[in-house]
Structures are given as C-alpha cells and as structure tokens.
Amino acid sequence: MNDRDEYLVALRPEIMGARVDENMSDEERFQNTSLRPIAKLQNDLIIAVFKNYIKKHKNVFCGLTAHKRIDYIENAVNRDQKFRNSLKGMLMGQFTIAEYQHYITNSSALNKRMMNLVRERLISNIQLFEKPVVDL
C-alpha cells in the first residue's frame, strides 16, 4: 500500500457495529468495511454541503413539514444528478486505489449503497437543517 492509501485508512473512524462475515455479498462487505467509515468521516462535510443545497434552493426545505423534509432529502439525493455526483465524489475521493478498483467492477450497486448511506445520514441529522441558512 502506498502512503496515500495508508493515510486514508488511518483517518477513518472505526465502526463497532459494522458486521463482516464470509456469508455476506462483496457489496455488503465493501459497504461495511469501506463505505460506512468513509461516510462517517465525511459526515460534517455532507451536512455542510446539504445546508448549502438548501440555501441555493431558496430555503424551501425550512417551510416543509417533517414528512415533506424527508421526501425533499430523498429527492435531492436520488434525483438531482449534479448533487448526487457531488456526494459520490466526496466519498470516492476517500477510496484507496484497491477500493477504487473494486468500486469500478460494480459501480451501479455500490452507488446505490453510497446514496442510501448519505440519505440516512442526512435524515438522522435533520434537526441540523431547521433554520433557514442566511448570508451574514
């Protein structure tokens, strides 16, 4: 492993509840060993990016009901291609070379897993998006 890969892996938080065993699929193993730690590491950045997304869309999010806010997050992550690509880049930029090689063999399934992780992180932090974002 080169220095970059070693540094990236060393930065990642350990996730105690992440299960890894021989019976799981390659995608699930990759999710638990790589994607979850990367998503946790990038959590603050993901939140900041979504706050900016809300602001750029005129704080419409802040006037929505709780159920509609969840729908808004799901639509942003799943349907806004530009935003989705930005989120994927934030996670993929933390891949080691070996992880990237694994990713390109089944990118479609792994993209779904990445976006599910991001969506769940945003929903679990929904209280952080309560107030309209304003420029000072």
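Predicted model: local features only at pLDDT ≥ 70, side-chain atom pairs only at ≥ 80, totals over all residues.

Which residues do ring pairs link into a cluster? Residues are numbered from 1 along each chain as its sequence is written, and side-chain values use heavy atoms, with hydrogens and water left out.

**Exercise 1: the ring cluster**

Solution. Start with the rule: rings of Phe, Tyr and Trp (its six-membered ring) pair if their centres lie within 6.5 Å; planes under 30 degrees apart are stacked, over 60 edge-to-face, and the rest tilted. The cluster consists of Phe50, Tyr53, Phe61, Tyr72, Phe83 and Phe129. The structure holds 12 aromatic pairs. Take Phe50 and Phe129: their ring centres are 4.9 Å apart and their planes stand at 70°, so this pair is edge-to-face. Phe50 sits in helix α3 and Phe129 in the segment after α7, so the pair ties together parts 79 residues apart in sequence. (Helices are DSSP runs of H or I with at least four residues, numbered from the N terminus.) Now take Phe61 and Tyr72, also edge-to-face, with 5.3 Å centre to centre and 65° between the planes. Phe61 belongs to the loop between α3 and α4, and Tyr72 to helix α4, so this pair joins parts 11 residues apart in sequence.

**Exercise 2: the sides of a helix**

Which residues of α4 are buried, and which exposed residues does the face turned away from them carry?

Solution. Buried means under 20% relative accessible area, exposed over 50%, and partly exposed in between (1.4 Å probe, protein chains only). In α4, the buried residues are Arg69, Tyr72, Ile73, Ala76 and Val77. They cover an arc of only 120° around the axis (taken from the directions from the helix axis to the C-beta atoms), which puts them on the same side of α4. The face turned away from this buried side carries the exposed residues His67 and Arg79.

**Exercise 3: the surroundings of Ala39**

Is Ala39 buried or exposed, and which residues is it in contact with?

Solution. Ala39 lies in helix α2 (residues 26-41). Its relative accessible area is 1%, so Ala39 is buried. Leaving aside neighbours within four places in sequence, Ala39 is in contact (heavy atoms within 4.5 Å) with Ile46, Leu91, Leu117 and Arg121.

Key:
Helix = DSSP H or I, 4+ residues; strand = E, 2+ residues; numbered from the N terminus.
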